[in-house]
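Biologist: I'd like to learn how to read a fold from its coordinates. Could you walk me through one?

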Amino acid sequence: MTRMSRPVAALFSLSVAAMALAGCSEGSSTASGESGACDASDVKLVGQVRNESNPYEASWLDGGDAFAQSVGLKQERLTYDGDSTKQQEQIRQLLAGDTDCLVMNVLPNGDADTTPIVKGADQAGAYLVTQWNKPADLDPADYDRWVSHITYNGVESGQQIGDALAEAIGGEGGIIALQGVLDTAAAKDRFAGLEASLAKNPGVTLLDDQTANFSRAEALDVTKTLLTKHGDKVKGIWAANDDMALGALEALKQAGRSDVAVVGIDAVPDALTAIQDGSMTATVSSDGPWQGGIGLAIGFCAATGELDVKDLPADNRAFFAEQFLITDANVGDFATPKTDESDFECDNVFDRVAGPLS
């Protein structure tokens with residue numbers, strides 16, 4: 001995506017965990033090989049997300065490909081279909097091989113999935129960057145090879161789209177909310193942001209909320225049910241991601257309802273098109289292509305020694321990255337996603353830090 005201006009558990013089974021973590025104490029790495037001693041050509045890059053049917057996650061892997069190409073490498077693209085057991089098995093297989101120059105950019109399925117991934121990678125000596133989901137008490141600074149954790153202020157984005165929705169319905173009326181995967185910080189924080197928006201906009205009433213697990217198909221079914229239940233009282237739909245917002249738009253289309261405002265998060269291409277044609281009100285961009293590239297770039301720079309992990313400030317180990325509210329006023333600026341190679345230069349990889357995780 002064009003770089004914008006600043007304004008603008010799963011768990012291993014016990015047997016798998018024992019194999020991966022045998023002899024590992026938290027916060028220590030026993031891997032062989034000198035940290036930061038990899039030749040660029042020896043680095044193995046892996047990006048892992050839930051699935052490529054989600055356009056946001058597909059754009060993440062595309063961004064990883066773009067970074068890999070910029071340094072003469074190829075990214076291995078892994079998907080686990082929202083199945084925590086499958087995710088952990090993929091990680092276990094990666095960590096069973098040569099890991100000294102392995103760089104992984106991982107989207108844990110839920111908060112509970114992050115701990116075994118982190119411990120396994122640190123024990124094996126792989127360079128790891130995680131995004132979105134982790135327990136609050138799990139800190140990259142306690143590990144040698146967990147370079148960074150990147151996330152976004154979900155409370156802020158949830159409130160931003162909540163306020164945009166309130167404005168679109170004239171400050172009063174009923175709305176429904178589609179929540180994401182409940183065992184994720186993103187879902188929890190975004191809904192907390194909606195609650196903050198409702199407190200700020202007392203004329204807006206939350207008629208109902210249900211989880212649709214960040215899924216377009218589930219959102220279609222849930223929205224149909226809620227439209228039948230609440231009828232004309234529904235003036236707006238708040239969705240915790242764009243895939244669910246697009247499912248809601250399809251349900252509205254099937255119901256012949258063009259009077260309902262819809263908001264989401266992720267800035268996927270179909271959502272941007274919907275904002276351009278007026279069928280959707282707003283979304284928030286975390287810049288999926290940038291995320292896919294930056295996680296690999298940070299790990300690559302650590303693996304090749306251009307970043308010294310132990311010397312990184314705490315603000316660069318676990319941080320909120322910048323995000324951007326998109327409406328009809330600025331959607332044209334975001335309409336053609338692409339990466340900027342300069343974002344991934346080692347001197348620039350922390351340029352979008354918006355603040356530390358607290």
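Modeller: We'll go from the whole chain to the sheet, then to single residues. Keep in mind that this is a predicted model.

Biologist: Fine. How many helices and strands does the protein have?

Modeller: There are 11 helices and 13 strands. The radius of gyration is 21 Å, close to the 21 Å that the globule rule gives for 358 residues, so the protein is as compact as a globular protein of that length. Along the principal axes, the C-alpha trace spans about 65 × 45 × 30 Å.

Biologist: What share of the residues counts as buried?

Modeller: Of the 358 residues, 56% are buried. The accessible surface comes to about 14,000 Å², and carbon and sulfur atoms own 47% of that.

Biologist: And the charges: how many side chains are positive and how many negative?

Modeller: The count is 25 positive and 54 negative. The centres of those two sets lie 4 Å apart.

Biologist: Now the sheet. What should I know before I read a strand order?

Modeller: The general idea: strands of a sheet pair through backbone hydrogen bonds, either parallel or antiparallel. Here, an open sheet of seven strands runs in the order 2-1-3-4-5-11-13, and its pairing is mixed.

Biologist: Which strands stand at the edges?

Modeller: Those are strand 2 (75–79) and strand 13 (353–356). Each has a single partner strand, so one side of each is left without a neighbour in the sheet. On average, neighbouring strands of this sheet are turned by 25° against each other, ignoring direction.

Biologist: Let's zoom in on strand 1. How many of its residues are buried?

Modeller: Five of the six residues of strand 1 (residues 44–49) are buried, so the strand is largely enclosed by the rest of the structure. Strand 1 pairs with strand 3 in the parallel sense over five bridges, and leucine 45 stands opposite valine 103 of strand 3. Strand 1 also pairs with strand 2, again parallel and over five bridges. There, valine 49 has threonine 79 of strand 2 as its bridge partner.

Biologist: Moving along the order, how many bridges join strand 3 to strand 4?

Modeller: Four bridges join strand 3 (residues 102–106) to strand 4 (residues 127–131), and the two run parallel. Valine 106 is opposite threonine 130 in strand 4.

Biologist: Which residues of strand 4 lie on each face?

Modeller: Tyr127, Val129 and Gln131 are on one side, with Leu128 and Thr130 on the other. They are all buried, so both faces are covered. With five of the five residues buried, strand 4 is largely enclosed by the rest of the structure.

Biologist: Helices next. How do I think about which way their residues point?

Modeller: An α-helix has 3.6 residues a turn, so residues three or four places apart point the same way. Take helix 4 (residues 111–124): 11 of its 14 residues are buried, so it is largely enclosed by the rest of the structure. Among the buried ones are Pro116, Ile117, Val118, Gly120 and Ala121.

Biologist: Where does leucine 165 sit, and is it buried or exposed?

Modeller: Leucine 165 is in helix 5 (residues 154–168). With a relative accessible area of 1%, leucine 165 is buried.

Biologist: What about lysine 233: buried or exposed?

Modeller: Lysine 233 counts as exposed, because its relative accessibility is 58% and the cut-off is over 50%. Its place is the loop between helix 7 (216–230) and strand 8 (234–239). Lysine 233 and glycine 173 are 60 residues apart in sequence, yet 7.2 Å apart in space, C-alpha to C-alpha.

Biologist: Which loop holds tryptophan 132, and what is its phi?

Modeller: Tryptophan 132 lies in the loop between strand 4 and strand 5 (146–151). Its phi is near 75°, a positive value in a residue other than glycine. At 9% relative accessibility, tryptophan 132 counts as buried.

Biologist: And where is alanine 267 found?

Modeller: Alanine 267 is in the loop between strand 9 (261–263) and helix 9 (269–277). Phi of alanine 267 is positive too, near 60°, and at 6% relative accessibility the residue counts as buried.

Technical notes: Residues numbered from 1 in each chain as written. Predicted model: local features only at pLDDT ≥ 70, side-chain atom pairs only at ≥ 80, totals over all residues. Heavy atoms only, no water. Rg over C-alpha atoms; globule rule 2.2 N^0.38 Å. Buried < 20%, exposed > 50% of the residue type's maximum accessible area, 1.4 Å probe, protein only. Areas by Shrake-Rupley, 256 points an atom, 1.4 Å probe, with all protein chains shown as cover. Lys, Arg positive; Asp, Glu negative; His and termini not counted. Charge placed at Lys NZ, Arg CZ, Asp CG, Glu CD. Pairing = 2+ DSSP bridges. Axes fitted to C-alpha atoms, helices over the stretch in contact; angles between N-to-C directions.
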